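Subject: The structure we talked about

Dear colleague,

I am handing over the structure below, together with some notes on what was found in it.

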Amino acid sequence: MAHAVADHPEPIRAALAKLEALTGCRLGDPCAPLLLSVRPSGPAGSGAIAPAILNLGITAQVLPGLARGLGQRAAADLYRRLIQSYGTGALGVEDEAFEYALYDLMKEAGIESEEAFLSANLADLAARSLALIQSEGIGAFPQDARMQLAGALEALSEAWATPRARRRRLAKGQPENAPLSLIVQAMVLGLGAPPAGAGLFHLRDEASGARAPGGRYLADAQGEEALMGLRTPVMITRAEREAAGLREPSLEELLPAAVDCLIACAELLEARLGEAFTLDFTIAAGEVHILELRPARRSARAALHLAVDLAEAGAISRDEALMRVDPSLIEDHLHPSISPDARRDPIGQGLPASPGAASGELVFSADEAEHAAASGRTVILALVETSPEDIRGMHAAGGVVTVRGGMTSHAAVVARSLGRPCVAGTKDLALDRASGTLTAAGNRQFRAGDVVTVDGGTGQILAGRVEMIPPEITGAFATLMSWADEARRMGVRANADTVQDANVALGFAAEGIGLCRTEHMFFQGGRITAMRRMILASETKTRRAALDELLPMQRSDFIELFEAMAGKPVVIRLLDPPLHEFLPHGEEEMKDLAATLDVPVSQVRLRAGELAEFNPMLGKRGCRIGIAYPEIYQMQARAIFEAACEAGAHTGSPVRPEIMLPLISAVRELVLLKAHISEVAEIVRAERGEMVDYHIGVMIETPRAALRGADIAVESDFLSFGTNDLTQMVYGLSRDDAGRFIPDYVAQNVYEHDPFHSLDLEGVGEIISIAAERARSAAPAISIGLCGEHGADPLSVAFCEQTGLDYISCSPFRVPVARLAAAQATIRTAGRRAKSGHKAGS
Ligand code: PEP
Ligand code: MG
């Protein structure tokens, strides 16, 4: 119809004319009809979009001419495919309705497979499909080729703009109004004289990222039919077929040249475009045609492997490779796996849906998983199956178990992309959410809070916690990390209290210890008794006697730590928590303590009462303990100095300890404590004939300390932001209680995120910037770090880079996350500088 032709805007008409000239066919020409496909294509990562509409250009008028060229059967087949494709893609008829029409016809005609259809059956199917569209009353199938093209373009544009599609893009972190391209191509049929068919191909294994050509191919097919499950496709390579134990020859065995061509195309695309793709292809008359590229799906592990491979091949730069890996997923590469020697108590078996292993407390809802994670507990989320609403809970969980579902279930796909170990389809476990129980064979019941282990490698669920071994951190991971270390400006240290922590940290290439919380040492072994004796002492003399008992223990801890760190910086923080935390609370425990210490229970009760505080986190804690009882900090300082002498002598690497004072709010506190510590340094020097070279620094944890950054910096060798306490104090938010309501605050957008997880840049960030600026203006060379939990949060790390901090310190397992996040922050900042016209070093 003339008006439909005029409806095509000029650029489309011009492009169409070009295509017609190239192919020698014309849209709607009864003798040599041009057939077209319209394929929607969004920016990478915009998620599922509508399928292509295929075979446009066939009308009742064109059909006889088409049949002359291709044969009756192929022409009828193409026509019924177009009606279905246009009906679903442009007119919104349910695809299922067409599938039912096909199956009804198969039943009526007594035909078992689509291949057996005769041309008359296919013509009948086309007529039924047209009637189906008519009966749905949504619109008519256009018997004009140009109207078909216009209708397909319009419908696909509309599908891209629906509120649902917009929401889906937002959920994937894409702009709501991301642009859409519509690709109009001349059809390559994939039907007719063999070899003809369609499939998809990828060069990389989705789980590992390693080179492993593969995919699916279906003969006599178009578009995504190879994946639609109507007929069984074949594998692409022989290796894949053999691994799957299948007999049907693979495409490689049927048509080796086609597979060589696909491999060569994928390799070329990787080299030229610096990305791995899944290729949609059609084979017609034995020739391979690439129809579309989509960035290949990949797990977190595969993304890393691929980024390194592409950079090593020179397809992308090292900086680009670093920027492509999500630091928050790095941690998942590091999850331990179950030790081969561990005793296993299996309670269920499912599919190994996502690799890695984790132990944790059972929870039965995504909300519970989120709450538990907010309070620092590791949980295993057990559900019948997961849905998109559960993603946040899956993110929060250490591992996931589903009773239903297979390797491509929602749980499996999401867990793989999040890097969480997952076992899916554990049919031998019964889950009763109402009573919160998981029942295994032999009526073994597990309730919320019971610890289980998920082994995503074997698909086993085990009772209890199981011995784990550290993951492999070699190969591509080690390479990427070495590039991160070359790129980053900030140092990365670990928060490590024990020699075991220190060894994990060193394994992950921490450059030192940024925070050793000494109080943790007092809870170990028999030390708590000596500690309690010290706390219960009401006189300095008896307190000193108890401290003498603690001294050798502290000293040996420090020797171990210094020796493990072999000359790398070690920041030791003196005692921080309120003393009552070390005392027993229950009556029975008090009696036991009284008996152990050989004192009346009344004395224990009295002292515990004296130490109790209304607001312990704002009470006698941190450096206030050192001011009230100088002998406690002095014992710790002596242990540090003596250990430094001994470890230095053993290892040959001189130890220069960095002593850190917690919760300073006034410079006078620092001055007093420095004097106490230097007194001890002198005594040790006199005794050992050796002066330890030590530094004294301050933890900036109170708003006042931040504001007085200049005075404090003049008296300090270094500063370290304790952002856990600083967040608590800047917000006036109890870090121990906030977990109860922060999820509500985040849900209602009061806070954008939990400020204890990701630094509040507006408030806490501003006070850090003020402190750093004041400190640097008074003491330009002062070293400034950050050692709160934010030290491995990528957004917080980016802020530290912008603020010019010297290092970040975080828990040992998160050190690689911090190394990569720091590298990305440096690259981004350098990029920003270059864009705004600064020269390096200016
Ligand atoms: C801090 O407050 O940020 C900190 C690292 O110390 P702690 O968590 O031990 O209070
Ligand atoms: Mg603190």
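This is a predicted model: local features need pLDDT of at least 70, side-chain atom pairs count only at pLDDT 80 or more; totals for chains, interfaces and linings use all residues.

The chain has 842 residues, and buried residues make up 50% of them. Along its length there are 33 helices and 29 strands, and its C-alpha atoms fill a box of roughly 110 × 70 × 50 Å when the box is taken along the principal axes.

Strand 19 is the next element to find, and it covers residues 451-455, of which four out of five are buried. It is joined to strand 12 (residues 357-363) by five bridges, and the two run antiparallel; here A358 has V454 of strand 19 as its bridge partner. Strand 19 is also joined to strand 20 (residues 460-463), again in the antiparallel sense, by four bridges, and in this pairing D455 stands opposite Q460. Strand 19 and strand 20 form a hairpin with four residues between the strands, and in that hairpin G459 takes a positive phi near 85 degrees.

Now to the ligands, starting with the magnesium ion, which is ligand 2. Which residues coordinate the magnesium ion? They are E701, through OE, and D725, through OD, at 2.0 Å. E701 lies in the loop between strand 26 (695-700) and helix 27 (703-707), whereas D725 belongs to helix 29 (residues 723-731), so the pair ties together parts that are 24 residues apart in sequence. Both E701 and D725 are buried.

Ligand 1 is surrounded by 13 residues, and the closest are R517, R573, G722, N724 and R735. By type, the residues of this shell divide into three nonpolar, four polar and six charged. Helix 29 gives the largest share of the shell, with three residues.

A side-chain N or O atom of R517 is 2.7 Å from an oxygen atom of ligand 1, a polar side-chain atom of R573 lies 2.9 Å from an oxygen atom of ligand 1, and in the case of T723 a polar backbone atom is 3.0 Å from an oxygen atom of the ligand. On its own, ligand 1 has 290 Å² of accessible area, and the protein covers 95% of that area. The elements that give two or more residues to the shell are strand 23 (513-517) and helix 29.

When you go back to the picture, you might start with helix 29, which holds D725 and also contributes to the shell around ligand 1.

With best wishes

Notes
Residues are numbered from 1 along each chain as its sequence is written. Chains are lettered from A and ligands numbered from 1 in the order in which they are written. Side-chain values use heavy atoms; hydrogens and water are left out. Donors are N, O and S atoms within 2.8 Å of the metal (3.2 Å for Na, K and Ca); water is not among the atoms, so sites may look incomplete. Buried means under 20% relative accessible area, exposed over 50%, partly exposed in between (1.4 Å probe, protein chains only). A residue is near a molecule or strand if one of its heavy atoms lies within 4 Å of it. A polar contact is a pair of N or O atoms within 3.5 Å; within protein, one must be able to donate a hydrogen and the other to accept it, and residues adjacent in sequence count only if both atoms are side-chain atoms. Accessible areas come from the Shrake-Rupley method with a 1.4 Å probe; for residues, only the protein chains shown count as cover. Ala, Val, Leu, Ile, Met, Phe, Trp, Tyr, Cys and Pro count as nonpolar, Asp, Glu, Lys and Arg as charged, and the others, Gly among them, as polar. Two strands pair if DSSP finds at least two bridges between them.
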